[in-house]
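Please examine the sequence and the model shown below.

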Amino acid sequence: SDKFAPPAAPPPRKRPPLPEGRARCRHPGCNAEYSVAQNHSTACRYHLKPPLFHEGSKQWQCCGVKKWDFDDFLAVPGCAVGPHEPDE
């Protein structure tokens, strides 16, 4: 083994599988676990674009809301409404 080789990256963490009929939403700002049977056209409030993190600030690119505190950032309501999209 090469003593100058970089350490191996840890394997990606996988979430435990969800029960039958449940899914996790992949929309930015949502990521909720939901019932597939109860999903509908206004079930999800989410952001259209992913967040941007820059020099300590956190910003939703779609609606321009910028926060410095992470909890405040997570509390920003989504700017779009639609059905949940399952995370594959």
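This is a predicted model: local features need pLDDT of at least 70, side-chain atom pairs count only at pLDDT 80 or more; totals for chains, interfaces and linings use all residues.

Residues are numbered from 1 along each chain as its sequence is written, and side-chain values use heavy atoms, with hydrogens and water left out.

Strand S4 and strand S5 (residues 57-60) run antiparallel and are joined by four bridges. Strands here are DSSP runs of E with at least two residues, helices are runs of H or I with at least four, and both are numbered from the N terminus; two strands pair if DSSP finds at least two bridges between them. The hairpin of S4 and S5 has two residues between the strands, and Glu 55 takes a positive phi near 45 degrees there.

On to the next strand. S5 also pairs with strand S6 (residues 66-67), in the antiparallel sense and over two bridges. Gln 59 stands opposite Lys 66, while Lys 58 has Lys 67 as its bridge partner in S6. Five residues lie between S5 and S6 in their hairpin, and Gly 64 in the turn has a positive phi of about 75 degrees. Together, three strands form an open antiparallel sheet in the order S4-S5-S6. S4 and S6 are the edge strands, each pairing on one side only.

Buried denotes under 20% relative accessible area, exposed over 50%, and partly exposed the range in between (1.4 Å probe, protein chains only). The side chain of Lys 58 does reach the backbone oxygen of Trp 68 at 2.7 Å. Beyond its neighbours within four places in sequence, Lys 58 is in contact (heavy atoms within 4.5 Å) with residues including Phe 53, Asp 69, Phe 70 and Phe 73.

The aromatic residues come next. The structure holds three aromatic pairs, defined by ring centres within 6.5 Å for Phe, Tyr and Trp (its six-membered ring), with planes under 30 degrees apart stacked, over 60 edge-to-face and the rest tilted. The ring centres of Phe 53 and Phe 73 are 5.7 Å apart and their planes stand at 65 degrees, so this pair is edge-to-face. Because Phe 53 lies in strand S4 (residues 51-54) and Phe 73 in helix H1 (residues 70-74), the pair ties together parts that are 20 residues apart in sequence. Phe 73 counts as buried because its relative accessibility is 2%.

Phe 73 also forms a tilted pair with Phe 70, at 6.0 Å centre to centre and 40 degrees between the planes. These two are three residues apart in helix H1, and are therefore separated by about one helical turn. Phe 70 is partly exposed, with a relative accessible area of 42%. Ring pairs link Phe 53, Trp 60, Phe 70 and Phe 73 into a cluster.

How values were computed
A polar contact is a pair of N or O atoms within 3.5 Å; within protein, one must be able to donate a hydrogen and the other to accept it, and residues adjacent in sequence count only if both atoms are side-chain atoms.
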